[in-house]
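Hello,

Here is the structure I promised to pass on to you. Have a look at it first, and then read on for what turned up in it.

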Amino acid sequence: MRSALEALEELLLPAECLLCRSLLTGRDESRLVCDVCRYRWRPVRAPWCARCGQPEPQFGHCRLCADWPAALVHARSGVWLDAGARDAVHALKYGGLPRIAAELATAIPPPELPALAAAWLVPVPLGRKRQRQRGYNQSERLARALGRRWSRPVADLLVRTRETATQTALTPAARLANVAGAFQLRIGDCGLRISSEKVQSAIRNPQSAIVLVDDVFTTGATLAEAARALERAGARTVLAVTFGRALIPDFT
């Protein structure tokens with residue numbers, strides 16, 4: 001169910017596209033992004049690395065996911081993070097518009113593995129300070145929007161053990177160091193109303209999968225570290241999905 005705040009926001013804000021400011025009418029009045037702007041989002045398409053989804057030359061090994069934990073077997077993104085897609089992410093993360101997550105979720109393809117039928121969606125957690133500043137975790141809102149679309153439960157299985165610096169201006173190596181050891185399994189309620197013993201059993205079940213959800217994929221460092229924490233807890237199959245995929249800057 002939507003929060004009362006989101007319902008009030010929808011009532012008070014003008015019925016216009018957040019990105020191009022065109023008026024929305026009829027059944028589109030409750031939306032935040034018009035069809036034209038959504039059409040302009042550039043889907044990430046093959047050919048790509050079969051594991052991390054990054055377009056790569058069709059020879060040699062992919063360097064981006066070479067050091068990922070073994071449990072992280074599959075990562076995909078919906079669209080390239082440029083133009084209107086970047087503005088949409090900024091509205092979710094910094095603009096105080098969590099309900100735009102429903103628009104972003106429409107651009108994320110479901111994982112291509114049958115394990116999705118028994119999967120849990122796990123948002124990448126924020127640090128306490130950043131979540132207090134924003135009032136919500138944008139990855140959790142995106143995970144819940146996907147949960148409604150894919151009919152899968154959302155479980156807050158991870159917590160951040162420490163605050164980390166923003167990854168935006170860091171080199172790939174610095175990103176890895178920044179998030180090293182930053183996640184661990186949550187002890188206690190994960191939002192599913194089941195015992196911690198059942199959570200542990202489900203995590204270790206080879207027939208199920210955990211799908212990590214985040215807003216943006218840049219180098220995959222955050223997703224890899226989150227997957228490493230799940231792997232230490234016994235997870236065998238971890239997938240990952242994001243709305244946007246950034247063009248990796250040349251730091252050489």
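A search of the whole structure, which is a predicted model, finds 2 aromatic pairs. In one of them, the ring centres of Trp41 and Phe243 are 5.1 Å apart and the planes stand at 75 degrees, so the pair is edge-to-face. Trp41 sits in the loop between H2 and E1 while Phe243 belongs to strand E6, so this pair ties together parts that are 202 residues apart in sequence. Both Trp41 and Phe243 are buried.

Is Leu104 buried or exposed? Leu104 has a relative accessible area of 0%, and because buried means under 20%, Leu104 counts as buried. Leaving aside residues up to four places away in sequence, Leu104 touches Trp41, Ala88, Val89, Leu92, Leu142 and Phe243.

Helix H3 (residues 83-93) comes next. Its buried residues are Ala85, Ala88, Val89, Ala91, Leu92 and Lys93. An α-helix has 3.6 residues a turn, so residues three or four places apart point the same way. Which elements cover the buried residues of H3? The cover includes strand E1, helix H4 (101-105), helix H5 (128-134), helix H6, strand E5 (210-217) and strand E6 (238-245).

Now for the backbone. A cis peptide bond joins Ala46 and Pro47, with omega at about 10 degrees. You will find Pro47 in the loop between helix H2 (35-40) and strand E1 (72-80), and the loop between H2 and E1 also holds Trp41.

For Ser151, phi is near 55 degrees. The place of Ser151 is in the loop between helix H6 (138-150) and strand E3 (158-160). With a relative accessibility of 58%, Ser151 counts as exposed.

There is also a cavity to look at. How many cavities of 30 Å³ or more does a search of the whole structure find? The search finds 1, and the volume of the largest cavity is about 40 Å³. Its lining consists of Ala202, Ile203, Asn205, Ser208, Ala209, Ile210, Ala235, Arg236 and Thr237. Sorted by class, this lining has 5 nonpolar, 3 polar and 1 charged residues.

Finally, some figures for the chain as a whole. Its secondary structure comes to 9 helices and 6 strands. Of the 252 residues in the chain, 47% are buried. Among contacts with a separation of 6 or more, 73% are between residues 24 or more positions apart. The chain exposes about 13100 Å², and carbon and sulfur atoms supply 54% of that area.

Terms used:
Residues are numbered from 1 along each chain as its sequence is written. This is a predicted model: local features need pLDDT of at least 70, side-chain atom pairs count only at pLDDT 80 or more; totals for chains, interfaces and linings use all residues. Side-chain values use heavy atoms; hydrogens and water are left out. On a 1 Å grid over the protein atoms alone, a cavity is a set of points where a 1.4 Å probe fits but cannot get out, and a pocket is an open set with protein on both sides within 12 Å along at least five of seven lines; lining residues have an atom within 4 Å of a point. Grid points are joined across faces, edges and corners, and a volume is the space filled by probe spheres set on the points. Ala, Val, Leu, Ile, Met, Phe, Trp, Tyr, Cys and Pro count as nonpolar, Asp, Glu, Lys and Arg as charged, and the others, Gly among them, as polar. Helices (H or I, at least four residues) and strands (E, at least two) are DSSP runs, numbered from the N terminus. Buried means under 20% relative accessible area, exposed over 50%, partly exposed in between (1.4 Å probe, protein chains only). Contact means heavy atoms within 4.5 Å. Accessible areas come from the Shrake-Rupley method with a 1.4 Å probe; for residues, only the protein chains shown count as cover. Rings of Phe, Tyr and Trp (its six-membered ring) pair if their centres lie within 6.5 Å; planes under 30 degrees apart count as stacked, over 60 as edge-to-face and the rest as tilted.
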